[in-house]
Amino acid sequence: MSPALIAKHDARGFSTRLVHEGSSPDATTNAIIQPLFHSATFKQDAVGVHKGYEYSRAGNPNRDSLEQMLASVEAGGSECVAFSSGSAATAVTIQSLGPNAHIICMNVVYGGTYRYMTKVAFENQGLETTFLDLTHATDDEISEAMKDNTKLIWIETPTNPTLSLVDVPKIVSLARMHSSNPLVLVDNTFLSPYFSSPLLQGADIVLHSLTKYINGHSDLIMGAVVFPPHHTLHAQKLRFLQNAIGAVPSPHDCWLACRGAKTLQLRMRAHGENAFALAKFLETSPHVQSVTYPGLASHPLHSLARRSLSPHAKKWVESLGDSVEQGGIPYGGMVSFRIRGDDSIAERFLTSTKLFVLAESLGGVESLCELPARMTHASIPEAERQAIGITEDLIRLSVGVEDADDLIDDVRQALEYAVEEAKVPNPKRVSLKQPTTL
């Protein structure tokens, strides 16, 4: 799309773009919802003469619609490449760097990302990764970590699951000043394009697990990468690899993601308000050591959270006025907290909730809870998990769109039950599974 067309699209409201971008009535039937194109191949009128589609691995109308919508709603974006999973998006992005590259990665990162960098890319393409606390490292420490072959700085903000924040504009500035001029990538899965616009902060690439908030209904696995206009060549490189490797999403999943994304603004506001309310409750509980939610005024990086809001989220938060200003603001749907007691109390809490479901993943309309140390981040060596704060008492909540009072009541009763059971001699101990990182 031309810069003028991008500006025209960005002038429309966020939800308007979600509903209408890539979703024109079907040209054949005038159906307002795009049909599913399950065809693997497409008729050619003559050799090499077709209507833009030859084979669904190379291109499909449903995937095109999804990519067009995502490039529009990720503010500052112009091109999107969708993949069969967030992990596939991660893998292809790293493969595009070529052999013997160096990456600087936030030291607290999704377990699957850590696994791919250290156990796959390291062995298969000689990738070297420096894991660095980009939240607290000084400018000199970050600059000194860059090398001549540093090609990418990988950021998660908020971090999974400790919910620390990274100052994206600062990292971008440091990257631009270094001779290697590495690309800056932001995994925007936790906040979604509603709460955060990393491309507007200077990032070169934004990555999403569409499985989470963008789809929002826990019924597909998919990922995507979005580029600004000045990185068209790199986007084309990823599109080539997408086709060559075959890491493409199905037409049905693309159709589902388009449908789910239409309500993203409505859902993210509900997730944010519920998570904020639950975080404030947890701060008052005697059974909780600490609560981490960047929207809370007590979060050490709360001012950065406010500065990092997307233009549309900032406008909405400001419209809430005094109804939320006391104690903070809604800032995504993820809450982490440390429960008082040993790991057995954490396990009892996780198996005692009625509405929060003990499960991996996040971002669906339903509320989920998990123990990162033994679930989503189990692939990270224990000593490293301990060093970055992923301990056995850390519980991660994906707060859904149910009624806030019901969610608070559920967490309250589970906390009370877990603590009371701990007082019973030799209570029956539950055990969480030890899965691979999903």
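Let me begin with helix α7 (residues 168–177), which lies across β4 (150–156) and β5 and runs at about 160° to β5. Contact here means heavy atoms within 4.5 Å. Helices (H or I, at least four residues) and strands (E, at least two) are DSSP runs, numbered from the N terminus. Axes are lines fitted to C-alpha atoms, for helices over the stretch in contact, and angles run from 0 to 180 degrees between N-to-C directions.

The model is predicted: local features need pLDDT of at least 70, side-chain atom pairs count only at pLDDT 80 or more, and totals for chains, interfaces and linings use all residues. Residues are numbered from 1 along each chain as its sequence is written, and side-chain values use heavy atoms, leaving out hydrogens and water.

Seven strands form an open sheet with mixed pairing, in the order β1-β7-β6-β5-β4-β2-β3; two strands pair if DSSP finds at least two bridges between them. At the edges stand β1 (79–83) and β3 (128–132), each with a single partner strand, so one side of each has no neighbour in the sheet. On average, neighbouring strands of this sheet are turned by 20° against each other, direction ignored. Helix α3 (residues 61–73) also packs on the sheet, where it touches β1 and β7 (223–227), and its direction makes about 130° with that of β1.

Within this sheet, β5 (residues 183–187) and β6 (residues 205–209) run parallel, joined by three bridges. Val 186 has Val 206 in β6 as its bridge partner.

Strand β10 pairs with β11 (residues 368–370) in the parallel sense over two bridges, and Val 357 stands opposite Leu 368 in β11.
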